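This note is written for a student who is reading a protein model for the first time. Please keep the sequence and the structure in view while working through the numbered points.

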Amino acid sequence: MTAEIDEQPDILAGLVEHRADIAETARAIAATPPRFALLAARGSSDHAALYAKYLIEVLLGLPAGLVSPSATTLYGARPDLRDVLLISVSQSGGSPDLLEVTESARKQGALTVAVSNTPSSRLFSAAELGVDIRAGEEHAVAATKTYTATLLALYLLIDAVRGGTGEDVRDIGELARRTLEESQAGVGRAVDRYRFADRVIAAARGYSYATALEASLKLAETSYLATRAYSGADLLHGPVAAVDEETAVLAVTSRGRGGAAMGDVLGAVAERGADVLTVGSAASDMPGALHVDVPETVEEVAPVLEVLPVQRLALGLSLARGGDPDNPRGLRKVTKTR
C-alpha cells in the first residue's frame, strides 16, 4: 500500500500525457449527445462514480444518476435506455453485476462506456467504448492508485466531452507529489492523535463528498474503525445529534462552494465537542484540532489531491493499531457480487 500510494504522481502525470485516447472516446459520446447519464459501480469505484455524477451535472448540464445494479440482476428490470449514456466503473472489470448491467443497458439502447484498469476484462468487451485508467497492477487490497487514476480518467473524459483540453490538470502529477510530501508531517500528527479513536465521521459537500465516502471506506477496511460518511448537509439533518466529545470528525474542505458550505457543519460539530481534522486546500481556514493542507486547484479537480493524505492516514492508523493494511481481514482484491 505504501509503494502504491507513492506511485500516484507518476501515474497521474502519465494519464494526462495519454489523454488523447480518452478524448477520442469523448468525441464518440459528444457525437450523439445523451438525454442523461447513468453510472454503475461498486466500492471505491462507486465513490468515483459519484464524483463523475457531479461533473456531469455541473460541467455538462445533464441529469445523472447512480444505478442500483440489483434492479437488473435480482429484479430483472429492463428500462428504456435509448439516448442514455451508461458509464460502468470497475477497477478490475470483474464484478458480474456490473457486467450484467452493462450488457443489459446496451441491449436497451444505451451508449455504454467501461472505465477500468483492466482493458482485457469482460466488462471492456461488453461496452461499446472503453477508458483505460493506466494505473498498473495493484496488489494491496485497499484501492489507492486505481482510485485516483479513475477520478482523473473520469475528469478527463467529461472535460473532453464539453470540449476541454485538460488544462486544469496539466500539472496534476507534480501537484500530487507536492501533496504527498507536504502533508506527511500533518498526517503523522493525525495518526498519533486518532490511533485510539473508536468512532469517526467523515463529511464533505459537493465534489468532495466522494472523498468523504472514500475516507470512510479506507479507515473501515484498513483500520477496522467504525466510520460513517455524510454529506455535510445530511449530517445536520439528524446524525449530528450522535456527535459528542468521543467523536472524531474528518472534514474535507477544499476551496470552492463545497468547502465553504462546510463552515456551518464544523460549527455544529464543534459545539458538541467533536475532535475535528480538516483536510483540503481550505483546511487551515476551518476550525479544527488539526489541519492537513493540500495545493489548491479548481474545485472540480480537488478530489484527486485531497484523498492522498487520507490514504496515508488510513495506512498509518492501520499500522499504529497493529493491523496489516495490505491484507485486511475477510477481504479480497476482487469482490464479485450479483
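**Note on the predicted model**

1. Glu 214 is found in helix 11; here helices (H or I, at least four residues) and strands (E, at least two) are DSSP runs, numbered from the N terminus. The model is predicted, so local features need pLDDT of at least 70 and side-chain atom pairs count only at pLDDT 80 or more, while totals for chains, interfaces and linings use all residues. Residues are numbered from 1 along each chain as its sequence is written, and side-chain values use heavy atoms, with hydrogens and water left out.

2. Is Glu 214 buried or exposed? Glu 214 has a relative accessible area of 1% and is therefore buried; buried means under 20% relative accessible area, exposed over 50%, and partly exposed in between (1.4 Å probe, protein chains only). Leaving aside residues up to four places away in sequence, Glu 214 touches Ser 44, His 47, Ala 143, Tyr 147 and Val 307, where contact means heavy atoms within 4.5 Å.

3. Two of these partners, Ser 44 and His 47, are among the buried residues of helix 4. Helix 4 (residues 43-60) has 18 residues and spans 25 Å from its first C-alpha to its last, close to the 26 Å expected at 1.5 Å a residue; the expected span is 1.5 Å times one less than the number of residues. Other buried positions of helix 4 include Leu 50, Tyr 51, Leu 55 and Leu 59. The buried residues of helix 4 pack against strand 1 (36-41), strand 2 (64-66), strand 3 (84-90), helix 8 (145-161), helix 11 (209-223) and helix 15 (302-320). Just after helix 4, Gly 61 takes a positive phi of about 70°.

4. Most residues other than glycine have a negative phi. Asp 83, in the loop between helix 5 (69-73) and strand 3, has a positive phi near 65°. Arg 134, in the loop between strand 5 (129-132) and helix 8, also has a positive phi, near 60°. Arg 134 is partly exposed, with a relative accessible area of 37%.

5. Helix 2 (residues 8-17) is mostly covered, as seven of its ten residues are buried. Among them are Pro 9, Ile 11, Leu 12 and Val 16. The cover over the buried residues of helix 2 includes helix 1 (2-6), helix 3 (19-31), strand 5, helix 8, helix 9 (172-182) and helix 15.

6. Asp 234 belongs to helix 12 (residues 232-236) and is partly exposed, at a relative accessible area of 44%. Between the C-alpha atoms of Asp 234 and Ser 281, 47 residues apart along the chain, the separation is 23 Å.

7. For the whole chain, there are 15 helices and ten strands. The radius of gyration is 19 Å, close to the 20 Å that the globule rule gives for 338 residues, so the chain is as compact as a globular protein of that length. This radius is taken over C-alpha atoms, and the rule is 2.2 Å times the number of residues to the power 0.38. Of the 338 residues, 57% count as buried. Among contacts with a separation of 6 or more, 75% join residues 24 or more positions apart. The C-alpha atoms fill a box of roughly 55 × 40 × 35 Å along the principal axes.
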